[in-house]
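The sequence and the structure come first, and the notes follow by topic.

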Amino acid sequence: MQVQELVTIIPWTFVAQICNLFIQMYLIKRFLFKPVNAMLDKRRALADAQIREAEEAKSQAQAIKSEYEANMLEAKNKASEILASAQKTAAAQSEEVLREASRQAAAMKAKAEGDIAQEKRKAVNEIKNEIGGMAMEIAGKVIGREISEDDHTKLIDEFIANVGEVS
Amino acid sequence: MNVDITGAKVFFTIPTGIPVMGDILISETLVVSWIVMILITGLCIWLTRDLKVENISKRQAVAEMLVEMANNFVIGNMGEKFRHMIPFVAALFTTSVVSNLISLIGLRSPTTDLSTEAAWAVVVFIMITSQKIKAGGIGGYLKGFTQPIPVLTPFNVLSELATPVSMACRHFGNILSGVVINGLLYAALAVASSALFGLLPGVLGDVLAQIPFLSVGVPAVLSVYFDWFSGVMQAFIFCMLTVMYIANAAEG
């Protein structure tokens, strides 16, 4: 079998090896770099998407938290407002009740006083009439004749007034 | 005893009749080159079979690691703008490594033929020159030879041409030296073995003297250096120089 020299450059082998190198480059590019890089890009995209999702979830959670805090604050404010208004209402009501009671008491007192005065007047009138009658009778008996009541009404009244003062 | 260390065997000769180029020789170099290419491509296809985004297999991890290594090597040494060079450098490195190591399975590695390294070095040299022309224009490129003084022009031309020659010869010389030393060593061990076992008396000595027992084991030690270390190292050096020269050329 024919044998090459140990150190030599065969032109066609040289050309073939250049072609081989570029074919090899294409093959490596096509069968190693292209699929692996495509896969790495896909993974990177996935990781980016996951990070973005996590950030979104975080901001959502933050929003929910701040909303919750705002709600809590509002509820607290409302509660204290309700408490304050209830206290105010209670105070006003108690005051009202007291006022009403005192007014009622005053009214009752006034009515009682009125009643008393009326009763007193009534009693005085009765007594006046009785005493007038009695006086008339006595005078009639003393004088022996009828005294016209009408004529002496003024006299009698004076008398009674005196009696009243005395009594 | 004669030790004969020759070049690659020639299987066929295809006559072309072209004066300078000569005949096409389908030699061991070419055949083993094709085997190397098939091996590398097969390995690539096998490594990138059913790639997954998550929960990756060990095979895929290796594929990713190789791609990352190639990316880091090229981009780390040349910069981001040479991203398109990654497949070329990767092809150069893997072809070189696999060619060097294929001698371990008994084939003659294509890198023991200077044509192979010369081809690679010329491709790299064309890339270097095109980068220089791209960076400084043809005028700038030619003017570069007269720097720092015009007297140095012949030396500059010489040093420019020395780049591919040194790259090719460095790689070729290292691999060939391994082949030569291994050839000598096997021959020497065969002689030593037959001398040693020839001392045995009678027919036993005659039979055992024919078998080179010493060839088992001892060459493996040298193979660690000449095949494994030198093979990987030369591939790395070749790629490193390629990357460095092209990156320097682009800087102007």
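In this predicted model, 35 residues of chain A are in contact with 43 residues of chain B (two residues are in contact if their C-beta atoms, placed from the backbone, lie within 7 Å). The model being predicted, local features need pLDDT of at least 70 and side-chain atom pairs count only at pLDDT 80 or more, while totals for chains, interfaces and linings use all residues. Residues are numbered from 1 along each chain as its sequence is written, and chains are lettered from A and ligands numbered from 1 in the order in which they are written.

**Interface**
- The side of chain A that touches chain B has 23 nonpolar, 8 polar and 4 charged residues (Ala, Val, Leu, Ile, Met, Phe, Trp, Tyr, Cys and Pro count as nonpolar, Asp, Glu, Lys and Arg as charged, and the others, Gly among them, as polar).

**Chain B overall**
- Chain B has 7 helices and 2 strands (DSSP runs numbered from the N terminus: helices are H or I, at least four residues, and strands are E, at least two).
- Along the sequence, the pattern of chain B is β-β-α-α-α-α-α-α-α.
- The C-alpha trace of chain B spans about 80 × 60 × 40 Å along its principal axes.
- Of the 252 residues in chain B, 30% are buried (20 or more other C-beta atoms lie within 10 Å of the residue's own, with C-beta atoms placed from the backbone).
- Of the contacts in chain B between residues at least 6 apart in sequence, 64% join residues at least 24 apart.

How values were computed. A residue is buried if 20 or more other C-beta atoms lie within 10 Å of its own, exposed if 12 or fewer, and partly exposed in between; C-beta atoms are placed from the backbone.
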